[in-house]
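Let's take a walk along an interface between two chains.

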Amino acid sequence: MASTAVFARSIFARMVFASVQEGAGGSSEFDRALSNALGLVDTVDVTFSVRNLNPSSALELTDSVAFTLPVKNESVLDTLALVQVPGIIWDIEITDTLALEDQGYNSYVLEDTLSLSQVVVIAKGRDLEHVLQLESEVAYNVILQRSLSNVLNLEQALTYEIDRPGVECQFSPFVGSGVGDTELPDTTAPVFGTATLTLTYPYVTPTTTLVLRNPDFGNQHNFEFVRINQVTRGGTQVVFSDPNWGKTETISVTIKALTEAEAEAFHTFLGNSLGTEIGLLDWYNRQWRGIITTPDAEITDLGNCRRTITFEFEGEEV
Amino acid sequence: MIRLRAPVPNLETTSILPSPQLGDVKNRRHEIGIFRAIDGTKRTFVKSNTRRLLTYDFSLSPGKAEELKRFIRSYYGSKIELRNHLDEIWHVYMVNNPFPFADEGAESVSVQLQFEGTQVS
């Protein structure tokens, strides 16, 4: 049949082999054979595009499709029913042999379902045996889904230094950038002015001002921090300090060659401001805010105009 | 010349100081415990380590002293890298507390720093 499009094509063949042996009318027979050998072969040769192709054989056996053009959907179904009804007889031997073979190329699901049922209706002895062998072969034997996660933290920091004359003597910090919570040093160059040591009380809206000579060389500016400095059992040194923990800056000064009036004025100022915040303007013209921590500051009398006082001040630069 | 860089390992700040004054000190940090029995026998327990204590005295200009003060304020609790005047590299902590800055002259501020740590190269 020569045609370019076929919408329905159905080939149905039905063939019935019937073998009938009738009795000869005797009382008994020992040998009688009855058999049908039937082989059906459906062959579809596709030369045009086909939407649905359903070759099937009602009674087995081989479905073969040769592709020369693409096929959208293909369903191959073999239904095989073997029914042997021997009737009532002394010796029963029923054997069903069924082999299913599925070959999949684009599908990852191969399923063989085989149900074997043997029922012996009436017999003296029952011996049922099923032998089942299923083989499935897939190109990918194992497909594993792995969930992998890598957490990678990258940190970068930058520092530098410039080799230039005077770098060891002049204010020249080289501050880059980092990732921690540490506050970077201030790179603003300090300004060292000149002033005379001046104490004011109270710090806010001062009412009392005491001007003294600047201290002699040897005055100290101390930094003190609250830190944990411990050594572990394995010998590792651990130093830790929280930024919120206390920091203390202390100025210790000794002022010499004061007059008696200046020394007494200092004692009076100390008594009035005891334990309260005062202001201190230092010799570099920097303003400090804090308290005097030596209430028992002593005056040493070494002669006329030779009083010496020593005290400590704890505070912060404002 | 002394080079301080901090914090280890993410170095972000560098300060260059002059070499320390003569008389710098290096100590080991071993510890021993001595227990004497009533019959006079002694038993010692040793805690050894590879740490050293370096004590340097510096004489700085006021500007350099201010730079060092700011460095200390930021990294007093951090491990720092120290390259000393012998070109040795150390990973250390600044362990003295307090840090005493004393005005020794119009342009001279003295300070003693103590570093404790290990030499890395």
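What follows goes from the overall contact down to single residue pairs.

Keep in mind that this is a predicted model. Start with the head count: 51 residues of chain A and 43 residues of chain B make up the contact. Putting the two chains together buries about 4,000 Å², and carbon and sulfur atoms give 50% of that area. On the chain B side, the residues that lose the most area to chain A are B:Glu12, B:Arg70 and B:Tyr76, which together account for 18% of what that side buries.

Now for the polar side of things. There are 29 residue pairs in polar contact across the interface, counting pairs with both residues at pLDDT 80 or more. As for salt bridges, the count between chain B and chain A is 3. To look at one, find A:Glu249 and B:Arg73, whose side chains meet at 3.1 Å, N to O.

Which parts of chain B do the touching? At least two residues each come from strands S1 (2–6), S2 (13–17), S8 (89–94), S9 (99–105) and S10 (108–119), and from helix H1 (62–75). H1(B) provides the largest share, 12 residues. By type, the side of chain B that touches chain A splits into 19 nonpolar, 13 charged and 11 polar residues.

Finally, look at where strands pair up between the chains. Strand S7 of chain A (residues 174–175) runs antiparallel to S2(B), and 2 bridges join them. Zoom in on A:Val175 and you'll find B:Thr13 as its bridge partner in S2(B).

How values were computed: Residues numbered from 1 in each chain as written. Chains lettered and ligands numbered in written order. Predicted model: local features only at pLDDT ≥ 70, side-chain atom pairs only at ≥ 80, totals over all residues. Heavy atoms only, no water. Contact = heavy atoms within 4.5 Å. Buried area = accessible area lost by both parts, 1.4 Å probe. Salt bridge = Lys/Arg side-chain N within 4 Å of Asp/Glu carboxyl O. Polar contact = N/O pair within 3.5 Å; in protein donor to acceptor, adjacent residues only side chain to side chain. Helix = DSSP H or I, 4+ residues; strand = E, 2+ residues; numbered from the N terminus. Nonpolar A, V, L, I, M, F, W, Y, C, P; charged D, E, K, R; others polar. Pairing = 2+ DSSP bridges.
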